[in-house]
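Hi,

Here is the structure I promised to pass on. Have a look at it first, and then read my notes below.

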Amino acid sequence: MIRLLAALLAWMAVESAALAQAPALVRHGEATQLVVNGDPYLILGGELSNSAASSPAYMAPVWPKLEQMGLNTVLAPVSWQLIEPQEGRFDFSTVNALLEGARAHHLHLVLLWFGAWKNSMSSYVPSWVKRDERRLPRAELSNGSGEEILSAFSSNVLNADSRAFAALMAHLRTVDSADHTVLMIQVENEIGMLPTARDHSPAANHAFASPVPPALTRYLAAHRNTLVRSLRQRWEANGSRMAGSWEQLFGPGTATEEIFTAWYYARYADVVARSGKQQYDLPMYANVALNRPGKAPGEYPSGGPLPHLIDIWKAGAPALDMLSPDIYFRNFTSIAADYDRPDNPLFIPEQGRATVDELMANAFFAFGEHKAIGYSPFDIDDFSGDRAGTRRQGYGILDALTPMMLKAQSAGTIRAAKPAVTFDGTIDDKPQQITLGSYRFTIGFIDPWTPRDQQHPEDHVAMLIQTGPEDYWVAGRGAVLTSEPVGAGPRIAGIDVDWEQKLEGGKWSDLRLLNGDETNQGRHIRLPPGEFTVQRFRLYRYR
Ligand code: DGJ
């Protein structure tokens, strides 16, 4: 009896410790996962349009819609302008309204700190900041004219931004450290410099004329073999120097000005993140506005955590847990690959400018092929009708598969494939091969039984999870899988059984035993185009 009581108490202690623990990123086997209340978690998210969260009245009819769409997490801005209307006097009513709305609708939040940066502008800063450019200076063009972008080279700007952010995090610790409604924090929004590659204010000019900080050269030397190729080439072409000016290390030109900008933006974001973490230690990330090919820094927001600058940001902002791409271009699969690195779990805070069908296929792909911790289309409050329905269907399946996906992410037994699309929209719908366990799968994306002109291969996807030596689950649409054994032994793979799955009340059960026409008499596993479907199948081998 006493032993039982002791065991119970020990179990309760472990439970309450897990509950009290703030959300964190934790390495589990092959994947880094977001752990919430002791369990790994996948963010099936959606980001609100920019101004929605400023108004509880606007949000009132939106919350139930978000819940019905099957989201589990909403990404919502917190505006510096609204929380610190007067210097040093904070008003967290908009934040509290977000917490109430989310909790009432069983949703989590990722809060986005719209501080000094909002898309390479400073439009979300309070009036007392906007109107005091002497104390809180702007970035400048080379002709001395100011911009509506605060200067990252001003310690007054950095202190004011960090203080407000720290106050927000202290508030969250007070009101949410027991509930953990808030899972993560985005630091600033799409930091970047426009329309020139760098700030030309006196402080920025002084920094540009000064030596490259040793912390950066030490990072370059320590990570030489894994540096993004263009950065490594630029540094090595200039002699792999460990000391010198920015131009001595990286050569003259706007590419070097952008590296300089990236370093100082990263250092700025690092201080802001650190000041917040000191109050309440949640995972934090910076999002990035990606660059169009062929454009020069300044024509696109210069110096953000762009693919070619990831290492500069990793070196300059170790307090950030992730650098996360906002994907509005068609080449989703290649961008996802750039941001899936051993030092950077993939999280996609925004995706847009694609059909909802393509968005959902990309979600399956990101979770399956890149072990993403979360995915979140932009402008979620604007989804309705069919678009909301497709999302509900896709997220419903992902939600019900989540326990299996999380286990497989950490075991390295999950993969996914979808046709790659290039920046200019060219779709590569050739079959792809994936090896998982002891079978190699060839996945075709053109359905043999549907007229070609009714198919959109960019919306097709297959996510494969191995659950035993010969057992697999597959989820997706518009994919036809054939398989062959790898390694020694019989050379031919056959389908032993293939069960179509039914989802009811969040639980899977076998619906139909697929055979005959559905598997082309045992020749393949087929996920029809259209709705997402799920099958579990077992293979066998013969000679
Ligand atoms: C990316 C930004 O991060 C969002 O806040 C929003 O401005 C979208 N672009 C609009 O497309």
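Predicted model: local features only at pLDDT ≥ 70, side-chain atom pairs only at ≥ 80, totals over all residues.

Residues are numbered from 1 along each chain as its sequence is written, and side-chain values use heavy atoms, with hydrogens and water left out.

Back to Val461: its relative accessible area is 0%, so it is buried (under 20% relative accessible area; exposed is over 50% and partly exposed in between, with a 1.4 Å probe and protein chains only). Leaving aside neighbours within four places in sequence, Val461 is in contact (heavy atoms within 4.5 Å) with residues including Ala361, Phe364, Phe365, Phe445, Leu527 and Phe532. Gln86, by contrast, is 375 residues away along the chain, and its C-alpha atom is separated from that of Val461 by 51 Å.

The rest of β20 (residues 461–466) is covered too: six of its six residues are buried. In a regular strand the side chains alternate between the two faces of the sheet. Here Val461, Met463 and Ile465 point one way, and Ala462, Leu464 and Gln466 the other.

What does β20 pair with? Two strands count as paired if DSSP finds at least two bridges between them. β15 (residues 414–417) runs antiparallel to β20 and is joined to it by four bridges, with Ala416 partnering Met463. β21 (residues 471–477) is also antiparallel to β20, this time with six bridges, and Ile465 has Trp473 as its partner there. A hairpin through four residues links β20 to β21.

There is also an open sheet of nine strands, with parallel pairing and the order β12-β14-β4-β5-β6-β9-β10-β11-β13. β12 (347–348) and β13 (350–351) are at its edges with a single partner strand each, so one side of each has no neighbour in the sheet. Inside that order, β6 (residues 108–118) and β9 (residues 182–189) pair over six bridges, and Leu111 stands opposite Ile185.

On to the domains, whose bounds come from an automatic or database domain assignment. The chain splits into domain 1 (35–208 + 256–412) and domain 2 (416–542), with C-alpha centres 35 Å apart.

Next, the cores (sets of buried Ala, Val, Leu, Ile, Met, Phe, Trp, Tyr and Cys residues joined through side-chain atoms within 4.5 Å). The largest has 131 residues, of which Leu66 and Trp313 touch the most other members. Helix α12 (residues 254–279) gives the largest share, eleven residues, and each domain supplies at least three. A second, separate core of 19 residues includes Phe445, Ala462, Tyr472 and Leu527.

Finally, the ligand. For side-chain N or O atoms, the distance to a ligand oxygen is 2.6 Å at Glu350, 2.9 Å at Asn50 and 3.0 Å at Asn119.

Cheers

How values were computed: Helix = DSSP H or I, 4+ residues; strand = E, 2+ residues; numbered from the N terminus. Polar contact = N/O pair within 3.5 Å; in protein donor to acceptor, adjacent residues only side chain to side chain.
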